[in-house]
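Reader: Hi! Could you walk me through this one before I set anything up?
Author: Happy to, here it is.
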Amino acid sequence: MQFVLLMLKNKFTFLSVAVLIFQGNVFAQTDLDSFLIEDKSPAYVIASFKATRIVNAHSIETVRKGILDFRITHHFGDVGGNGGGVHTLYGFDNASDIRFGFEYGISDRLTAGFGRSKIQENLDFFLKYRLLRQTVDNRMPISVTVFADMAITPQENPAQYSEFANRISYVYELLIARKFSKALTLQLMPLYLHRNYVANPADNNDLFSLGMGGRLKLTKRFAILGDVYYNFSDYLTTSNGFYLPVGVGVEIETGGHVFQMFFTNNAAIIENSYIAGTRSSWSKGEFKIGFTISRDFAFNKKKNKE
């Protein structure tokens, strides 16, 4: 009888150990699967910028899939200088450039855009693709977006546009950003501009430029913005009446919308025009007040709700 009880006791101990081992294997496997899933889909850094633009420059951000972003950007006239002052209400009487644009999210990473500007009546078409995304664990320390743009002017000028190709210019740009903290994001922007036609023989059709921009969040709903481009050109200098395009502004979040208001010395809005065409000086008061108003329209409401 004691032998039978001992056997039953040992059998119960064996079964208990087996169950514990089995449970341990199950939990270990579950933890491993969870780890692999997280590793396969890393947590991405979000909201490096709150809009697809910094001030003048594009940011790394793209429009979400199925969203159409309609935006109006307005640059007024010079606040000071010969064209500003009280008689033009510090530039509010004049509009140096106005652009109406549409941007559509083909996917979360790919955006297609179109716009029409007042300066040169430019029609611009662009594609923007998020190549790399910064991750929370810093396995990918930066975000990289590729930007490509073509602008066409329909203006009538037989001397300049005797050939249709002369009306076209191209911009290719890498947008490289890192969000260093919840408050600070910095972005580098190497840019190549090609113009099929330049008015001055001393100018070059091809131009390389390097931009830098950033966003500093001061409160939950308020941030300051800035960007600047430096042109590698012997012709586009201050002695020839050209200046670096510099923009500074503020960003205010209001109930799911972002409102941007800024000061900039470039009259034009698109890169094809302002990178090599900024002739206004901050030191002379030739900077303009500008703002952007945008509105999103969702074409995949069901999916967005999910």
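This is a predicted model: local features need pLDDT of at least 70, side-chain atom pairs count only at pLDDT 80 or more; totals for chains, interfaces and linings use all residues.

Reader: Thanks! In what order do the strands close into a barrel?
Author: Twelve strands close it in the order 1-2-3-4-5-6-7-8-9-10-11-12, with antiparallel pairing. On average, neighbouring strands of this sheet are turned by 20° against each other, direction ignored.

Reader: And how many bridges join strand 6 to strand 7?
Author: Nine, between residues 168-179 and residues 184-195. In that region, Lys179 stands opposite Thr185 of strand 7.

Reader: Switching to pockets: how much space lies in the largest pocket?
Author: About 960 Å³. It is lined by 33 residues, and Lys50, Ala51, Thr62, Arg64 and Asp296 are the closest to its centre.

Reader: Which strand gives the largest share of that lining?
Author: Strand 12, with five residues. By type, the lining of the largest pocket has 13 charged, eleven nonpolar and nine polar residues.

Reader: What about the second largest pocket, what residues line it?
Author: Its lining divides into 15 polar, 13 nonpolar and four charged residues. The space there is about 680 Å³, and helix 2 gives the most to the lining, three residues.

Reader: Last one: is Ser281 buried or exposed?
Author: Ser281 counts as buried, because its relative accessibility is 5% and the cut-off for buried is under 20%. Ser281 sits in the loop between helix 2 and strand 12. Beyond its neighbours within four places in sequence, Ser281 is in contact with Tyr243 and Glu286.

Definitions and conventions
Residues are numbered from 1 along each chain as its sequence is written. Side-chain values use heavy atoms; hydrogens and water are left out. Two strands pair if DSSP finds at least two bridges between them. Helices (H or I, at least four residues) and strands (E, at least two) are DSSP runs, numbered from the N terminus. Axes are lines fitted to C-alpha atoms, for helices over the stretch in contact, and angles run from 0 to 180 degrees between N-to-C directions. Buried means under 20% relative accessible area, exposed over 50%, partly exposed in between (1.4 Å probe, protein chains only). Contact means heavy atoms within 4.5 Å. On a 1 Å grid over the protein atoms alone, a cavity is a set of points where a 1.4 Å probe fits but cannot get out, and a pocket is an open set with protein on both sides within 12 Å along at least five of seven lines; lining residues have an atom within 4 Å of a point. Grid points are joined across faces, edges and corners, and a volume is the space filled by probe spheres set on the points. Ala, Val, Leu, Ile, Met, Phe, Trp, Tyr, Cys and Pro count as nonpolar, Asp, Glu, Lys and Arg as charged, and the others, Gly among them, as polar.
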